[in-house]
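Open the model in your viewer and keep the selection panel at hand. We will walk through it one selection at a time.

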Amino acid sequence: MTGLCALGLLVALAPLASVLWLVISRGIAGLSLDFWTRLPAPVGESGGGVGNAIAGTLYIVGIASLIGVPLGVGAGVYLAEKGEGPFGDVVRFTAEVLSGVPSIVVGLVAYGLVVLPMRRFSALAGGVALAVLMVPVLARSTEELVRLVPTSLREASLALGVPEWRTSLRVVLRTALGGIVTAILLAVARAAGETAPLLFTALNNQYWNFRADQPTASLTVQIFNYAVSPYEDWHAKAWSAALVLLLVVGALSLMARFLARRRV
Amino acid sequence: MAGTAPPPVARPRANLPDRAFGATLTALGGGVFVVAGVIVLELSKVSGSSVTKMGLWHFITGSEWDPVRDLYGALPFIYGTLVTSGLSLLLAVPASLGLALFLTQMAPARLRSLISFPIGLLAGIPSVVFGLWGLFVLAPILRHDVEPWLSRTLGFLPFFRGPPIGLGYLAAGVILAIMILPTITTIAIEVLETVPGPLREAALALGATRWETIRISVLPHARAGIVGAVILGLGRALGETMAVTMVIGNSPTISASLFAPGYSLPAVIANEFAEAGGMQTSALAALGLILFGVTLLLNVVARILVRMSRKGPSR
């Protein structure tokens, strides 16, 4: 029995080790400074990079955070502060269920919501898609974090005559702030790794773009395009871009962990 | 405390800002609803024409997908999605339940936190990276080693016949198994942790072995939650897009052999939607609607099961 469990452990960890090792060993060769800053090179030409895709990912995720963070955190605070009744229960359940909706379906929604009316693929559409993915995750983690704030703190503030809304904002939320920032960073990291909802919302772009109404490149879509292409040198670039993606996502998660540890 | 606003008599003056604050929060909470509503609305808007034109039954049971001739049958994709997800459950459930049982019932606490870190890491790897790995690492292994071996030893079964291609149902199933393993393990651990200590101790005190204790006192208590965890894993497998798109072979056919290339619902949407137009767009969106309906149903059932086994008031 114990042996069987150890076997399960091995089955779980072997692919993880293999993925990490291969992304690093195959990706590191192409990871020059140019790769971080230059535009993609055409097939057959050496050099070139994914600078526009890195910038695009950050740009799209930025738009997503502008929309998703207030909504998600707000909903979470609502659930923790006012969500005791049946309406709160329904909202909570909806958020849980929404977090299981496949990301490609969310891409379709953003397509109908933004791409169709605007008649073009755009960074905004990609941002909306990622925001929809962030809301339920943020709502649930924010609720848990706000609930961790001791009731005595709130009662102390109320007893001093501070009105409820100021107690919520200045005492309760402030105490939970470190944790909430951590949750936001984790949600952002997750969003940066999404591919499927961007395929037909932000689409792709061979050049730099910082206009919300234009198609925009992203690291993940770029990895996909490189990987399924028939060219050897693009495959190598896919591995390097994957390494860049893991570094970006990893940096965000590490930052989140660091903040979480410092605050608590 | 059920009410949102305190009785007006108690605090007449401080009431307005408080009520405004409460209303703002409630609106933000309602925003979650709005998001859910928008999803349903937009999906049915985009998918409307194809389903009404072809008829739901024909759409679902039709096995030909040919945008050039405007023929849209969803069966190959539904079949591929079910086969790959089923396969992934077959592979992932024993491993993740074993892992969860090991970590909650046997392993010392320090080992547990040591191991939960890589499991979280596995969950955090973007699916396109798994796809890349599947395409260039897993598929060649399957083609050269695993599939020839399977057809030599189990070739009498129809599932293990045909040329070893590497890209196909088997590759997709294996990669999905790796991806849903952290999901199932994490939730199963959460559920197993709610089993009361005295329940286990009672069994141990009666002279039950560790395995008997798990069987007679731990598992019955956690059954609903574990089933919920598995269903959540299934939901994730059904909707997983990129990794499957990159390794399933992308061929809208139905084959009994697991070695054969196939197609799945999310994969066909990912590959064709950006360049589709007219009826094809709407047919692809209808596939998305099917996917949404199924995963929604699974998630509702699973969440209820997980909640039931946590017992106590909902948080």
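How many helices and strands does the secondary structure of chain A come to? Select chain A and colour it by secondary structure: there are 10 helices and 0 strands. Keep in mind that this is a predicted model. Along its principal axes, the C-alpha trace of chain A spans about 70 × 60 × 35 Å. Buried residues account for 55% of the 264 residues in this chain. Show the surface of chain A next: its accessible area is about 11300 Å², and 66% of that belongs to carbon and sulfur atoms.

Now select residues 51-82 of chain A, which form helix H3. From first C-alpha to last, these 32 residues reach 45 Å, close to the expected 46 Å. Centre on Gly68(A), where H3(A) bends by about 35°; Pro70(A) follows within four residues.

Move on to chain B and pick residues 75-106, its helix H3. Here the bend of about 35° is at Ala92(B), with Pro94(B) following within four residues. In H3(B), 24 of the 32 residues are buried, so this helix too is largely enclosed.

Last stop: the largest nonpolar core, with 182 residues. Phe200(A), Val129(B), Phe130(B) and Leu287(B) have the most contacts inside it. Helix H6 of chain B (residues 169-192) gives the most to this core, with 17 residues. Zoom in on Phe200(A): its contacts include Leu108(A) and Tyr111(A), as well as Ile269(B) and Phe273(B) from chain B.

Methods
Residues are numbered from 1 along each chain as its sequence is written. Chains are lettered from A and ligands numbered from 1 in the order in which they are written. This is a predicted model: local features need pLDDT of at least 70, side-chain atom pairs count only at pLDDT 80 or more; totals for chains, interfaces and linings use all residues. Side-chain values use heavy atoms; hydrogens and water are left out. Helices (H or I, at least four residues) and strands (E, at least two) are DSSP runs, numbered from the N terminus. The expected span of a helix is 1.5 Å times one less than its number of residues. The bend at a residue is the angle between axes fitted to the seven residues ending there and the seven starting there. Buried means under 20% relative accessible area, exposed over 50%, partly exposed in between (1.4 Å probe, protein chains only). A nonpolar core is a set of buried Ala, Val, Leu, Ile, Met, Phe, Trp, Tyr and Cys residues joined through side-chain atoms within 4.5 Å. Contact means heavy atoms within 4.5 Å. Accessible areas come from the Shrake-Rupley method with a 1.4 Å probe; for residues, only the protein chains shown count as cover. Lists of a residue's contacts leave out its neighbours within four places in sequence.
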